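The exercises below are meant to be worked with the sequence and the model in view. Each task is followed by a solution that goes step by step.

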Amino acid sequence: MALLNPDLADQVRQATPWSSSGHEFNASACMNCGVCGAVCPMGIELLPRKLFRYVLLGMEDQVKENTETIYSCLLCKMCEVNCPAGVHIAENVRSLRHFINRQVFRL
Amino acid sequence: MRRVGVFVCWCGSNIAGMVDIEQVKAAAAKMPNVVYVEDNKYTCSEPGQAAIQKAIKEQNLDRVVVAACSPRMHENTFRRTVSGAGLNAYLLEIANIREHCSWVHPDKAAGTKKAVDLVRRAVYKVAKNVPLQRASIDVTKKALVIGGGIAGIQAALDIADAGQPVVIVEKTPSIGGHMAQLDKTFPTLDCSACILTPKMVDAAQNQNITLMTWSEVEKVEGYIGNFTVTIRKKARHIDTTKCTGCGICWSKCPAKLPSEFDLGLGQRKAIYVPFPQAIPNKPVIDEKNCIYFKTGKCKACQIFCPAGAIAFDQKDELIEEKFGAIIVATGYEQWDPSPYGEYGYGRYKDVITGLEFERLVNASGPTEGKIKRPSDGKIPKDVVIIQCVGSRDEAKGIPYCSKTCCMYSAKHAILLDEKIHAHPYVFYMDVRTPGKGYEEFYKRATEEHHATYIRGRVSKVYQKGDKLVCLGEDTLLGKKVAVEADMVILASAMVHQPAASKLAQTLGISYDQNHFYTEAHAKLRPVETNTAGIFLAGACQGPKDIPETVAQASAAASKAIGLLSKAKLETEPLVAQVNEGICSGCLWCKPICPYKAIDGKVIKERIAGGKTIERTVASVNASLCQGCGACTVACRTGAMNVLGFTNEHILAEVDALCL
Ligand SMILES: Cc1cc2nc3c(=O)[nH]c(=O)nc-3n(C[C@H](O)[C@H](O)[C@H](O)COP(=O)(O)OP(=O)(O)OC[C@H]3O[C@@H](n4cnc5c(N)ncnc54)[C@H](O)[C@@H]3O)c2cc1C
Ligand code: SF4
Ligand code: SF4
């Protein structure tokens, strides 16, 4: 069982240098329709739907465990143009990379 | 010296929580003309109103200020209160210290200061108020219903049953609307035509209903109780008094075209009735595609018509009629899913919309009810239904939920299993079934008819041999899935009629960002528009299914009946008035008035030396004027004033706030 922690999304938001530009991490509109995973050319099943859910629910360990996956995203935005909810998926992945750089790689 | 009474309302804690009532009272007591101040926990309650009436009598008040909520809520209540105590209803002013003050301020001191300012404004203004009288106008006892779908038919039947005459104006050759195109209807699976056609026949036979099909509303003038409407009766090229509907003409006509009613899946002739149960069962000639109209030769229909009913020289007619009430029931269209390139609609013949599927299952449809796929006529075995096509997809332009698709997709799944034992796969994001018997219906699709529901959105459809492969993710498993289907049905969104905004402009009603007509209040006035006397019914106001459409149609009808049953209507006296003495007759105000209420008139005037001259001045038609005040701003000489909001009133308010 995972203990939920609503602060994680805030931490991810704060980790990004552009956090005030209106492009900070935001995946709340996601309807979990899965079209993003289905169109992903890298076949990354985790991305972005489940990963975003880990962030929103505050499952920090799962986020950190998936560092490899977060870096294998091409930022091609195939998912983003197909997302019916208009989630800025690629921006969110970039935010997550900043978070990982600090938390995992201590950059 | 006036005798003004100020009544400050707490509205429970709504106002009193953020405004210091005692301070407001103390400040009000020092304002000019104020002779009495009182506070009440709920001024709108019966004791609150009784307190006002008592004070008017005992304190001999001649003006009243109520500091409470928005005048949109209780202005009429308090007008009745003061007139009940013998004061003219227009000697009342409201200071809105709730919506404009307590609800929007986080700081009590600032909120209190603003409340005092708003009360002072009202006190200064009310001192200038004069008694105004309401006038009364006649009501034309006839209703117009625009659109002859189930909404329009139901509304017309209800009005006719109440004994009032109704005209239905329908733009296509027959009444019936989309319901006539459907096969079975959820949640009971009764046949759509079986429940619709009796109503269509009732409408045609009802003495109080006049059907005007193949017609459109061209112009609307006037106001509640007295609309003057110009209707274009398009040339049918048929003498309907002679035509018996025998059908020989369309069987002989050589010009074949895609049928609009069958959504291009079937054919019709240039002379046609759109479907067998059409009402009226009289054809129209499609001028654009008729061989005679194009080349001057043919006339096959005329040669064979045993009744001599073909009238090639018929012209459009413009008919002007008066109505007391208007019901708009122009319905919806199914969205064209071509923008989803990834679903291949338009590219693959076997990718069809939900409405097209209705025609394929329908016994009067192009396949006589046999579900065959359009490309090669094969009976499909595996069928994918994709929900939310267009709907809930801001990227493709439709942010809202179309409300009916979950249910009609479940219906399609059931029909596929029941009729041809095909296996339905339904891709969904959410299944929404709030309605009586709806959840049970959805359960029936899964339990009894074994529809496979897959939670996820299809990302792509492509052809492989004679199959259509649908790719998506089952988000519950987190696995990508593929279905090889024989046919794909897109549950495409319900959208506005293409000409919805044009009709709104003709009628002077408003529409939302999705071009659905806007009701006067989302909760409390759901069938009225902001234009008095015009009501809404059915899917033109937003996506809805048949039960909801019919309920709304009957509601709109009862509003119209209420209006038509009045002998006279009272008009608001807050209208523009010309001071003819200083009006220069420039008529600058005339084109500015959005309600066409201003015209010029010639008056005779004695000038110095005893001579009489004639000159033009502006003149306001008080029944048309809505008191918007545009003319008063435009008038260069200041001759135009809205009663109750004269320049003098406005200046008094400015003084109260700024001096
Ligand atoms: C695929 C599909 C399946 C459905 N299945 C079901 C079901 O099983 N059960 C159910 O309850 N609901 C179902 N619905 C919903 C149903 O179709 C609507 O609730 C219903 O048709 C709405 O009726 P209406 O009269 O408001 O609009 P419409 O049926 O659209 O009628 C409007 C009428 O107005 C006319 N019109 C439009 N503009 C003008 C104009 N300017 N001047 C004059 N006339 C005009 C049109 O020609 C039309 O005749 C389904 C919808 C779809 C898309
Ligand atoms: S496409 Fe958009 S809405 Fe659908 S799961 Fe991915 S992020 Fe969520
Ligand atoms: S005249 Fe026109 S409508 Fe009549 S049969 Fe010929 S093509 Fe058809």
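**Exercise 1.** What area is buried between domain 2 of chain B and domain 4 of chain B, and what percentage of it do carbon and sulfur atoms give?

*Solution.* Keep in mind that the model is predicted. Begin with the domain assignment, in which domain 2 of chain B is made of 143-234, 316-332 and 496-564, while domain 4 covers 334-495. The centres of these two domains, taken over C-alpha atoms, are separated by 30 Å, and their contact takes 21 residues from domain 2 of chain B and 27 residues from domain 4 of chain B. The buried area comes to about 2000 Å², with 62% given by carbon and sulfur atoms. On the side of domain 2 of chain B, Asp183(B), Phe186(B) and Leu189(B) supply 31% of the area buried against domain 4 of chain B, which is more than any other three residues.

**Exercise 2.** Find how many salt bridges cross the interface of domain 2 and domain 4 of chain B, and describe the one formed by Asp183(B).

*Solution.* The rule finds two salt bridges across this interface.

**Exercise 3.** Describe the surroundings of ligand 3.

*Solution.* First count the shell, which holds 14 residues, the closest being Cys253(B), Cys290(B), Ile291(B), Cys298(B) and Cys301(B). Next look for the elements that give two or more residues to this shell, namely helix H10 (291-295) and helix H11 (300-304) of chain B.

Technical notes
Residues are numbered from 1 along each chain as its sequence is written. Chains are lettered from A and ligands numbered from 1 in the order in which they are written. This is a predicted model: local features need pLDDT of at least 70, side-chain atom pairs count only at pLDDT 80 or more; totals for chains, interfaces and linings use all residues. Side-chain values use heavy atoms; hydrogens and water are left out. A residue is near a molecule or strand if one of its heavy atoms lies within 4 Å of it. Helices (H or I, at least four residues) and strands (E, at least two) are DSSP runs, numbered from the N terminus. Domain bounds come from an automatic or database domain assignment. Contact means heavy atoms within 4.5 Å. Buried area is the accessible area (1.4 Å probe) that two parts lose on being put together, summed over both. A salt bridge is a side-chain nitrogen of Lys or Arg within 4 Å of a carboxyl oxygen of Asp or Glu.
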